[in-house]
Amino acid sequence: MKSLTVGGLEDCLLNKVDLRRQQISQAVEEVQKVVHHLTTNISNQDIRFQTVPYSDTYNENIKVLAPSQFLVTVPIKGLAGYREAREQRWRYYTLQGTRLPCPLRDPEGLQQWLEVEQFMKSLWQWHETDVNIDGDIVPAKVLLVFRKLVENAIRTCHLSGKVSMLGNRSAVWIAVETSAYQVELELAPAVEIPTTWSEKARWPRCLQRWPSQERVECIKSFGFNLLPCSNYHWQLSFLRAEQVLLEQLDEDGGCRRKCFQVMRQLKEDVWCPGNRPVITSHHLQTVLFWTCEKYPHFKDWKFFSKAFLRLVRKLHKCVSQHFLKHYFVRNSNLFQSTNPIELDAVAQKLATFLKKPQISPP
């Protein structure tokens, strides 16, 4: 069977990109109906969690990490007027209510504590002991409450034949049967911090030429979210800001989006297939952002073959070094908790591709 070089690869895989888009659009359509139904019931059970709205177009609460793996953010209600914490204090509590002889470790990178007093307005329910210890809103306790609400909602909504809980995970995961295949969803309660930019995100960097200053101000205006990522710490998330960057990649007529789409297709088909891939679309998106910043001009993205191989080389470097800086929070490595053996396997496939950039057509 004749192999395709990078030039032929572009046309071949763009057809698959279109098919992928159609399949995922159908899956998102079915998933968001289920999510809307479940979260409406959850909100009726507990006012602290909002309904995920149904959308006929793009749903900002659903992030596709892989064709069968979605992140769904469920907005938290009753916390408004966020302020950064000014005083540092030690924490000696445990989830069970006992006291520790030594303080809990401080958050690192994308992580932070979350105190109810950081909000100018808060529902009294956020002061309750089911989610609060010593003034902190504790992620593990929030997830425990939320998990029980999800389990109740599945039964109440009579979705047991279509939706199932996935166990042995610290986060809340469900499996949804769509008409085409099963999709695994992480349901993450999200504290939305609109219009405020995190002090941890020291962005843009000095002398940065991409994106423009006007675009930077627009992106920062979307604020950030906080997601429960561990027992005690919340994790910064910039889903809206990242989506704005993605939507406006090629205003100069370049091929950035096309390079990203083809790289994502190869990742899913060849380099890192499977239902729970070690490399997700978010990792590829971060590689793209760093490459766009380093190569900000139209001339750098005029020719697909050259631009695409540059992007794959950047991905290979990050995967082989087990190091990928978060685009907005530089001291955070997105591969820190990733299986190194799986990363090495992907790095080997990328190295093989770069030695001879071609594939066999399906």
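I take buried to mean under 20% relative accessible area, exposed over 50%, and partly exposed in between, with a 1.4 Å probe and protein chains only. The model I am reading is predicted, so local features need pLDDT of at least 70 and side-chain atom pairs count only at pLDDT 80 or more, while totals for chains, interfaces and linings use all residues. Residues are numbered from 1 along each chain as its sequence is written, and side-chain values use heavy atoms, with hydrogens and water left out.

**Salt bridges**

I searched the whole structure for salt bridges (a side-chain nitrogen of Lys or Arg within 4 Å of a carboxyl oxygen of Asp or Glu) and found 21. I looked up Asp 136 and Arg 91, whose side chains meet in a salt bridge at 2.7 Å, N to O. Asp 136 sits in strand 7 (residues 136-137) and Arg 91 in the loop between strand 3 (79-82) and strand 4, 45 residues apart; helices (H or I, at least four residues) and strands (E, at least two) are DSSP runs, numbered from the N terminus. Both Asp 136 and Arg 91 are buried, and they belong to a network of salt bridges that also links Arg 89 and Glu 115.

I then took Arg 240 and Glu 60, whose closest N and O atoms are 3.0 Å apart in a salt bridge. Arg 240 lies in helix 4 (residues 239-247) and Glu 60 in the loop between helix 1 (6-45) and strand 1 (62-66), so this pair ties together parts that are 180 residues apart in sequence. Glu 60 counts as partly exposed, at 40% relative accessibility.

For Glu 251 and Arg 215, I noted a salt bridge with closest N and O atoms 3.2 Å apart. Glu 251 counts as exposed at 61% relative accessibility, whereas Arg 215, at 18%, counts as buried.

**Gln 111**

I placed Gln 111 in strand 4 (residues 111-112), where its relative accessibility of 15% makes it count as buried. Beyond its neighbours within four places in sequence, Gln 111 is in contact (heavy atoms within 4.5 Å) with residues including Arg 105, Lys 200 and His 233. The C-alpha atoms of Gln 111 and Leu 236 are separated by 6.3 Å, although the two residues are 125 apart along the chain.

**Cysteines**

I found 0 disulfides in the structure, a disulfide being a pair of cysteine sulfur atoms within 2.5 Å. Cys 272 is in none, and its nearest cysteine sulfur, that of Cys 318, is 14 Å away. Cys 272 counts as buried at 7% relative accessibility.
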